Amino acid sequence: MWLWSSLHRLWEDMLRSDTWVGTFDIVMKGNAQTIDWVMDKCIESTTSPYKIDHDYAPPVWQDVTASGNTFKLLTVGAGTMGGNDTQVQRGCIGTGFTIGQSIDSDNGECVITMNCMTAYKNSTAGTVPTTPAVTFFTNPPFNIKDNDTYNINDGSAEDLMIYSWELSATRPVERIGARTYTGSQSPFGYAMTGAWEVTGSLSVKRDASMDGIKTSLYDGSPVAVNVGEAGVFEVNVAKAFLNGSTIDNGGSILKQTIPFTASVTSPTAGELFTITI
């Protein structure tokens with residue numbers, strides 16, 4: 001970790017500090033606490049059902065002391081020189097996330113990954129800050145084995161045997177210049193330069209249950225995608241367009257992967273997805 005830290009700082013010094021942007025991912029098991037945290041930091045949705053509305057507007061990201069729209073990442077025990085063993089990365093924001101479950105990995109438990117960025121150089125601290133208080137995410141992850149909803153609805157719910165599913169949301173965010181060209185060369189802030197893109201996929205058993213949605217696979221008509229455990233953990237896309245699906249015949253059971261792209265129900269109503277816990 002010391003080598004990584006030293007090389008990281010050396011690499012930062014070789015780059016243009018007034019244009020530098022760093023990216024990283026945070027991977028967690030998906031339970032009620034971690035999903036709530038990611039939805040807050042990534043899409044600014046603070047209560048269930050979490051969603052991106054049709055009229056979503058990004059927060060104000062400015063280089064001010066009291067900005068509540070960014071977060072600070074502490075890596076405790078990073079092992080840097082001089083006794084400063086906590087890496088501090090400030091000015092972080094979420095630029096996207098992927099959430100999903102698979103019967104073949106993590107024992108079926110939900111996994112959520114948040115994509116992050118910052119335009120501020122990291123620093124080190126000798127002690128672990130005591131405020132805010134540390135909160136441990138101890139709730140059990142949601143498990144695909146508990147799901148009782150797994151359908152594509154093209155007017156009627158077509159139940160499918162799902163092996164795995166995932167939902168991803170991404171947005172483009174750029175750094176805005178530099179306030180000064182000396183010292184830390186902090187940015188003026190960040191700007192969201194495009195719209196949210198929400199995509200996903202289902203890996204399902206290719207059997208007679210596929211007959212009910214085969215028309216939607218090629219005619220471009222929208223469908224609804226619903227997975228989860230009713231009343232506990234539900235992921236819903238009210239309007240999705242199915243993209244080119246592929247068939248996996250490499251195993252003893254035929255599987256079909258169905259990618260989709262989410263849309264709002266109209267330009268003036270609806271949301272790209274909802275996650276209810």
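Reader: Is aspartate 63 buried or exposed?
Author: The model is a predicted one. In it, aspartate 63 lies in the loop between β2 (50–53) and β3 (71–76). Buried means under 20% relative accessible area. Because its relative accessibility is 18%, aspartate 63 counts as buried.

Reader: With which side chain does the side chain of aspartate 63 make a polar contact?
Author: Leaving aside residues up to four places away in sequence, aspartate 63 touches Tyr120, Arg179, Ser186, Pro187, Phe188 and Gly189. The polar contact, at 2.9 Å, joins the side chain of aspartate 63 to the side chain of arginine 179.

Reader: Which residue in the turn between β13 and β14 has a positive phi?
Author: Strands β13 (residues 223–229) and β14 (residues 233–242) run antiparallel and are joined by six bridges. Within this pair, valine 225 stands opposite valine 237 of β14. The two strands form a hairpin with three residues between them. The turn residue with a positive phi, about 80°, is glycine 231.

Reader: What is the bridge partner of valine 235 in β17?
Author: β14 is also joined to strand β17 (residues 271–276), antiparallel, by three bridges. In β17, the residue that partners valine 235 is isoleucine 275.

Reader: What is the bridge partner of phenylalanine 241 in β16?
Author: Strand β16 (residues 255–262) pairs with β14 over three bridges, in the antiparallel sense. In β16, the partner of phenylalanine 241 is threonine 261.

Terms used
Residues numbered from 1 in each chain as written. Predicted model: local features only at pLDDT ≥ 70, side-chain atom pairs only at ≥ 80, totals over all residues. Heavy atoms only, no water. Helix = DSSP H or I, 4+ residues; strand = E, 2+ residues; numbered from the N terminus. Buried < 20%, exposed > 50% of the residue type's maximum accessible area, 1.4 Å probe, protein only. Polar contact = N/O pair within 3.5 Å; in protein donor to acceptor, adjacent residues only side chain to side chain. Contact = heavy atoms within 4.5 Å. Pairing = 2+ DSSP bridges.
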